[in-house]
Amino acid sequence: MVSNTDLAFLALTLVVLNKRKKEKTTVVQGVVPKSQDGWERVSQEFEEQWNFPNCLGSADGKHVAIQKPPNSGSYYYNYKGYFSIVLMAVVDANYKFLMVDVGANGRVSDGGVMKNTLFWRKLSENQLNLPDPRQLPGTSKKCPYVFLGDEAFQLHPNFMKPYNRAALTNDKTIYNYRLSRARRVVENAFGILTKRFKIFQKPIKFEPLKVRKIVMTCCHLHNYLCSKNRANYLPPQNIDNEDVTTGAKELGSWRQDTPQMLFLQKTKGNATVLAKTVRDDFCEFFNTSGAVPWQNKCLN
């Protein structure tokens, strides 16, 4: 149930976004931490809640289905055979959007969208004011702070992804599990967004600029409700849960009864030696001093 206060916030957000008439993509303003202390608070929550130290956010992208814009040809036509724009996001440990970039045409891949965001440019140019590398808990090894993505993204010293599934050892499988566990926040954020805002459950019948504003408004309201009305907006049964004693997973209701936005197509990219070394350091940590009691169940 959305309260009058929530509706007032939605109306205000629409007014603000409506002033951005010429923007091709839009970023959630005032949410990305501006200071190293702010980033460290995000990291502390990931470590406490998801057992992944030095993590600053989980990233992913989805297709938002739209009706074909006039005279657009195949520009918005995605790999699954319908028209869409792309919603790219970075999410914190509490399912809230830190960064949202929306509006790229549906033909592009996850990695291609991310590389064209303001967020990625600032990350690549060291302009996000990230904290200095710190020692992983219980070790003397320093690792940089990182964001987490899936196979679609390029490995970067500040952006971790899974190991290739075709050549997994037990240690690498455990690393992939630990990364996937922390990445669940972005999967669940997208799932809750689609479940709660039913406009995402079928093609949106507006031209792309208006769709962008609608998507951004929903993301703003999602963050607001996560903060102000969490008990009703994010009840435990709506999100994925894991029994850390048995390793059993209970899927959130959004996975069971809600049409979902399409994942983006996977791409390949080259990684630097430094990026691979950072990933190997996290892998070693998760298999030694950073191990959690239930992780070996992922090997079964």
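**Salt bridges, a helix and a buried strand**

Let's start at Arg-255, which is partly exposed, with a relative accessible area of 32%. Here buried means under 20% relative accessible area and exposed means over 50%, with partly exposed in between (1.4 Å probe, protein chains only). Before going on, note that this is a predicted model, in which local features need pLDDT of at least 70 and side-chain atom pairs count only at pLDDT 80 or more, while totals for chains, interfaces and linings use all residues. Residues are numbered from 1 along each chain as its sequence is written, and side-chain values use heavy atoms, leaving out hydrogens and water.

So what does Arg-255 pair with? Its side chain meets that of Asp-240 in a salt bridge, at 2.7 Å from N to O. Arg-255 belongs to helix H8 (residues 253-257) and Asp-240 to the loop between helix H7 (230-233) and S8, so this pair ties together parts that are 15 residues apart in sequence.

How many salt bridges does the structure hold? The count is 10, where a salt bridge is a side-chain nitrogen of Lys or Arg within 4 Å of a carboxyl oxygen of Asp or Glu. One of them joins Glu-47 to Arg-134, with 2.6 Å between the closest N and O atoms. Glu-47 sits in helix H2 (residues 36-50) and Arg-134 in strand S4 (residues 134-135), so the pair ties together parts that are 87 residues apart in sequence. Glu-47 is partly exposed, at 26%, and Arg-134 counts as partly exposed too, at 27%.

Another salt bridge brings together the side chains of Glu-242 and Arg-181, 2.9 Å from N to O. This pair links distant parts of the chain, with Glu-242 in strand S8 (residues 241-242) and Arg-181 in helix H5 (residues 170-196), 61 residues apart. Here both partners, Glu-242 and Arg-181, are buried.

Now back to H2, the helix that carries Glu-47. H2 has 15 residues, and its first and last C-alpha atoms are 20 Å apart, close to the expected 21 Å; the expected span is 1.5 Å times one less than the number of residues. Which residues of H2 are buried? They are Gly-38, Trp-39, Val-42, Ser-43, Phe-46 and Trp-50. These cover an arc of only 140° around the axis, which puts them on the same side of H2; the arc is taken from the directions from the helix axis to the C-beta atoms. The spacing makes sense, because an α-helix has 3.6 residues a turn, so residues three or four places apart point the same way. On the other side of H2, Arg-41 and Glu-48 are exposed.

What covers the buried side of H2? The cover includes strand S1 (55-65), strand S2 (84-91), strand S3 (97-105), strand S6 (146-148) and H5, with contact meaning heavy atoms within 4.5 Å. Just after H2, Asn-51 takes a positive phi of about 60°.

Eight of its eight residues are buried, so S2 is largely enclosed by the rest of the structure. In a regular strand the side chains alternate between the two faces of the sheet. In S2 both faces are covered, with Ser-84, Val-86, Met-88 and Val-90 buried on one side and Ile-85, Leu-87, Ala-89 and Val-91 buried on the other.

S2 also has strand partners, where two strands pair if DSSP finds at least two bridges between them. S1 and S2 run antiparallel, joined by eight bridges, and Ala-65 has Ser-84 in S2 as its bridge partner. S2 and S3 run antiparallel as well, joined by seven bridges, with Ala-89 opposite Val-100 in S3. S2 and S3 make a hairpin with five residues between them, and Tyr-95 in the turn has a positive phi of about 75°.

Finally, there is helix H9 (residues 273-286), whose 14 residues should span 20 Å at 1.5 Å a residue; the end C-alpha atoms are 20 Å apart, which agrees. Its buried residues are Ala-275, Val-278, Arg-279, Asp-281, Phe-282, Cys-283, Phe-285 and Phe-286. They pack against strand S5 (142-143), S6, strand S7 (159-160) and H5.

How values were computed:
Helix = DSSP H or I, 4+ residues; strand = E, 2+ residues; numbered from the N terminus.
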